[in-house]
Amino acid sequence: LTVQLPVGEAPENFTVTVTRDPMRGIVHWMLYRGEGSESSLEWEQLTADVNWVFNLIEVAMPTMTRKRTLDEGAAAPAAPAQDVTSKMAIASAQTPADLEGDLLNMAIPNLIQSINMNALTGRLELKHDAETAVMFFDAGNPVHCTTYSGEGEAALLELLSWVQGKFRFFREDARQKRTIAKPLHHLLMAGAALQDQITALKDRNISLDSFLLKKHANLDPIEFNKIIEEGTGCDEEKQRQFYQLIDGRTPILEILRQLPMPKAEWVPIVFNMVTLGLCSWKNASEVEGTISPVNWQEVANVAASLSRPDTHIFTKSAYLFFLALEFNRYRRFKHPFSTVVMNIGIKAAQDRIFPLHPEAMTMLSGHIKKLARDTDLLFHFGDHGLAFILPNTDLATAKSFASYLTEILKSTPLVLNGATYPVVASISAASIPESCESIENLLTLAQPKPF
């Protein structure tokens with residue numbers, strides 16, 4: 001949620017921008033002087049203290065005075081509004097859930113139908129590893145859904161594909177913004193169809209790091225439209241754009257970075273591509289790189305000096321160095337850039353999560369690097385985390401990449417000492433200038449949730 005509020009009086013105009021992350025509880029304030037392309041950033045703060053922000057605005061505009069003071073009978077400043085995640089934490093800590101359980105025992109469609117049949121009003125919290133989703137109901141009807149990758153009906157459809165996790169339902173006021181308009185039975189049917197398509201792609205071993213290959217060298221638009229008419233209902237223009245980006249050398253993940261869309265949209269498109277005979281597919285191990293590796297020893301020596309010897313991944317210090325270079329590039333050329341930060345672990349017995357040791361980190365990073373563009377850089381972040389720097393990448397594309405990366409990691413178990421361990425990941429993204437305009441705040445906003 002982002003709100004902009006003009007303040008001040010002519011000849012100087014100011015704009016206060018406040019952004020609240022509904023999933024992590026971070027409130028980000030920025031004050032701009034001037035208007036349009038002539039505006040400049042005065043300061044930015046990460047705080048939920050409204051009085052502190054008001055004091056900073058007074059410093060920027062010393063001629064501004066309070067029309068009424070507390071001594072003159074004005075109401076005391078309102079406490080900062082709590083975001084969705086903060087409310088969840090408070091409710092979870094102070095109020096027992098009215099309904100809770102495990103998705104292994106009650107599938108999400110059945111859970112939602114139960115809430116609908118009992119005409120319940122409140123909030124449904126769902127959590128799997130580090131992922132959290134929230135749905136709000138009014139008299140049994142879903143009115144709002146939010147996940148890290150998006151909100152609304154697309155988020156609800158993606159949520160319907162969850163098969164593991166815990167849930168809790170709290171009876172409470174459902175005064176939330178309305179992002180869901182379709183009747184519940186339509187959404188459940190669409191969710192069931194989406195799950196069937198996900199299963200069909202999985203059975204064919206098609207994932208985000210797979211490569212699609214066109215079966216027809218020259219397919220005119222009329223023939224293309226005739227073929228896709230036989231498929232599942234999808235946006236025709238998006239299918240056309242997606243098909244045009246298929247070249248046999250670009251994985252599905254990279255196509256979605258060029259044409260971002262939620263899972264509820266791209267899964268049916270890929271399903272149509274392969275089931276209607278438009279494309280064949282190969283996995284990453286079957287596709288050779290199109291560019292030969294650079295064989296310059298000096299370059300290799302420099303890369304080695306910036307990497308940890310046990311994992312061959314760039315160090316945290318190198319991350320900060322390259323982050324500063326990207327920040328300078330942004331200030332000079334106004335090219336946006338993003339960072340994606342990951343906490344990664346493996347799940348063992350009793351659902352205990354353990355950090356990756358160097359061998360596991362090396363194995364996983366080799367797979368992750370195949371998903372990155374040539375311009376993307378991978379680094380260590382702390383003792384057990386990894387981070388990407390994504391040059392010339394806006395926030396929406398970075399968040400889509402983070403969402404896709406989460407799905408890929410969860411579907412890529414590690415085999416260590418003859419045993420197989422599921423991978424769990426908590427991933428977050430932030431961008432300059434969309435999220436903030438300083439490296440310090442970028443690092444704060446990009447911090448993922450702990451396990």
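Q: What is a salt bridge here, and how many salt bridges does the count come to?
A: A salt bridge is a side-chain nitrogen of Lys or Arg within 4 Å of a carboxyl oxygen of Asp or Glu. By that rule, the count is 16 salt bridges. Keep in mind that this is a predicted model, where local features need pLDDT of at least 70, side-chain atom pairs count only at pLDDT 80 or more, and totals for chains, interfaces and linings use all residues. Residues are numbered from 1 along each chain as its sequence is written, and side-chain values use heavy atoms, with hydrogens and water left out.

Q: Which residue does E407 meet in a salt bridge?
A: That's K263, at 3.3 Å from N to O. E407 sits in helix α13 (residues 395-410) and K263 in helix α9, so the pair ties together parts 144 residues apart in sequence. Helices (H or I, at least four residues) and strands (E, at least two) are DSSP runs, numbered from the N terminus.

Q: Is K263 buried or exposed?
A: Buried means under 20% relative accessible area, exposed over 50%, and partly exposed in between (1.4 Å probe, protein chains only). K263 has 13% relative accessibility and counts as buried, while E407, at 28%, is partly exposed.

Q: Which residue forms a salt bridge with D102?
A: Look at K166: the closest N and O atoms of this pair are 2.7 Å apart. K166 belongs to strand β10 (residues 166-171) and D102 to strand β5 (residues 99-102), so parts 64 residues apart in sequence are tied together. D102 is buried, at 17% relative accessibility.
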